[in-house]
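Work through the exercises below with the model open. Each task is followed by a stepwise solution.

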Amino acid sequence: MTIVKSEVTTYQLYINGEWVNPISNDYFDVVSPATGAVIAKAAHGDEQDTKLAIDAAANSFPEWSRKTSKERATILTRLYQLMLDNSDKLAEKISEEMGKPIMQARGEVLNAADYVLWNAEEGKRVYGEIIPAATSDRRLQVIQHAVGPVAAITPWNFPLGMVARKVAPALAAGCTVVLKPAEQTPGSAILFFQLAEEAGIPKGVINLVTGTPDKIGDALLTDKRIRKVTFTGSTNVGKILLKKAADQVKRVSMELGGHAPFIVFEDADLEHAAEQLARNKFLNCGQTCISANRIYVQESIKDQFLTLLKVKVDKLQVGYGLDVNTQVGPLVSAAGLKKVEDQVKDAVAKGAQVVTGGTKPDLKGYEEGFFYQPTILADVNESMRIANEETFGPIAPIYTFETEEEVIAKANDTDFGLAAYCFTTNLSRSIRVSESLEYGMVGLNDIVLAQVEGPFGGVKESGMGREGGPDGLADFLEKKFISTVF
């Protein structure tokens, strides 16, 4: 059994280049999802602390935005290297606070660092335009400049990756930032800020406030000095933020919920499809917005595919995240565990069959943790809760279908449109299906969609805007048209 660390760390706020106590002097508990024990105390910031952070971001914006893109890129490149140098420390903090297996946490750190470097480089390529004018005495041009101070609100499931994906493009574009990380997992964001400070980011350019989501969020959304909000989280919360941002016509970018279909056709490489599904579905204990949520298997290969998948799922090792042999950690909270248990109970009561799992594992020393056995459900139908709710847990529900047209219709029958997956060896089918799926991202015989080189984001109620890719800075820039007569 892995020994669990017992030290309790205290996290402060970071405002105007200083680590400070909250005005209230209150701190809240950060709890290990593996043990239920308190592992840190985090500053309980409120609207007063948030206003000070906005003051700092607004005051530092003119100077930061006037720096050359090369100057900003130099600092971000130093931050990238510091992240690599401190990758073990960052990964351990991720694993401790949200339960992610350490090997997956290390992958998150490397991916986060890649986003920092990518945006540092893209910041040097913010181009303008020269437009031919209709008269010889006029010159027309378009330039781009930073939108202004930015509010960034990040989730717990990728507590470092989401911070890097929002803070790095904002800084590269010339924006300043106020970050509100998830209260369950503030530690890796705080380490990121410590490294940013070491990299040379000036005072006031980045600020961090932890605490009450409503009070911090209201302060960010009602202050006119915040010109953009970037958010990753649930669709319900995203809609609330959108409504509040509309009062000041703030620019927004949002990566919201998903309900990803995973389609396996009878001509697919079934061994490969089963392997990829097991990796996708149980990564981060199923707590990712692009996890396969509805798994459609063609009727003719259902039994064969279930046999292959069960073998792979039964091999997954559940345990404490800092154990290098662990492949599936705990869910992040008691509420997350209850949702999974309730969905399984509902599905079984309505006719679903438990192929494997379906219970809490017996892990000595971790009885208070939020663990759930990787589970496969067969004979799932659309009347069940799991068919209509984002699971965010280690449950693989298997549906069947007969025809291509049928499965495309079922896959698109949702308000969400983030990620979809299709496994087939038929070239014509792969083109037809990928172009018919109403999603911002499609994996064809592939599950790796969070690649820094590509635009990550969804359509419909899964959000707006994109992170990464060649247009990753676009949401942080304004275009200005200049017409000159001489």
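## Exercise 1: Gln276

Gln276 sits in helix α9 (residues 270-282); helices (H or I, at least four residues) and strands (E, at least two) are DSSP runs, numbered from the N terminus. The model is predicted: local features need pLDDT of at least 70, side-chain atom pairs count only at pLDDT 80 or more, and totals for chains, interfaces and linings use all residues. Residues are numbered from 1 along each chain as its sequence is written, and side-chain values use heavy atoms, with hydrogens and water left out.

**Task.** Is Gln276 buried or exposed, and which residues does Gln276 contact, leaving aside neighbours within four places in sequence?

**Solution.** 
- Step 1: take the cut-offs. Buried means under 20% relative accessible area, exposed over 50%, partly exposed in between (1.4 Å probe, protein chains only).
- Step 2: apply them. Gln276 has 8% relative accessibility, so it counts as buried.
- Step 3: list contacts, meaning heavy atoms within 4.5 Å. Leaving aside neighbours within four places in sequence, Gln276 touches Phe262, Phe423 and Ile447.
- Step 4: check a C-alpha distance. Gln276 and Asn445 are 169 residues apart along the chain, yet their C-alpha atoms are separated by 8.2 Å.

## Exercise 2: Lys67

**Solution.** 
- Step 1: Lys67 is in the loop between α1 and α2 (69-85).
- Step 2: classify it. Its relative accessible area is 24%, so Lys67 is partly exposed.
- Step 3: list contacts. Leaving aside neighbours within four places in sequence, Lys67 is in contact with Arg72 and Pro202.

## Exercise 3: Cysteines

**Solution.** 
- Step 1: A disulfide is a covalent bond between the sulfur atoms of two cysteines.
- Step 2: inspect Cys285. The closest cysteine sulfur is in Cys289, 15 Å away, so it is too far for a bond.
- Step 3: Cys285 is buried, at 1% relative accessible area. Cys175 is also buried, at 0%.

## Exercise 4: Salt bridges

**Task.** How many salt bridges are there, and which residues are linked with Lys51 in a network?

**Solution.** 
- Step 1: set the rule. A salt bridge is a side-chain nitrogen of Lys or Arg within 4 Å of a carboxyl oxygen of Asp or Glu. The count comes to 26 salt bridges.
- Step 2: Lys203 and Glu18 form a salt bridge at 3.0 Å, N to O. Lys203 is in the loop between α6 (187-199) and β10 (206-208), Glu18 is in strand β3 (residues 18-20), and they are 185 residues apart. Lys203 is exposed, at 53%, while Glu18 is partly exposed, at 39%.
- Step 3: take a helical pair. Lys51 and Asp55 form a salt bridge, with the closest N and O atoms 3.4 Å apart. Both lie in helix α1 (residues 47-66), four residues apart, about one turn of the helix. Lys51 is partly exposed, at 46%; Asp55 is buried, at 18%.
- Step 4: Salt bridges link Lys51, Asp55, Asp223 and Arg225 in a network.

## Exercise 5: Nonpolar core

**Task.** Which residues touch the most other members of the largest nonpolar core?

**Solution.** 
- Step 1: define the set. A nonpolar core is a set of buried Ala, Val, Leu, Ile, Met, Phe, Trp, Tyr and Cys residues joined through side-chain atoms within 4.5 Å.
- Step 2: The largest core has 131 residues, and Met83, Phe192, Ile206 and Phe305 touch the most other members.
- Step 3: note the second core. This separate set of 21 residues includes Ile226, Val229, Phe231 and Met254.

## Exercise 6: Positive phi

**Task.** What is the phi of Asn16, and where is Asp379?

**Solution.** 
- Step 1: recall the background. Most residues other than glycine have a negative phi.
- Step 2: read Asn16. Its phi is positive, near 55°, and Asn16 lies in the loop between β2 (13-15) and β3.
- Step 3: read Asp379. Its phi is positive, about 60°, and Asp379 is in the loop between β16 (375-378) and α12 (385-388).

Definitions and conventions:
A disulfide is a pair of cysteine sulfur atoms within 2.5 Å.
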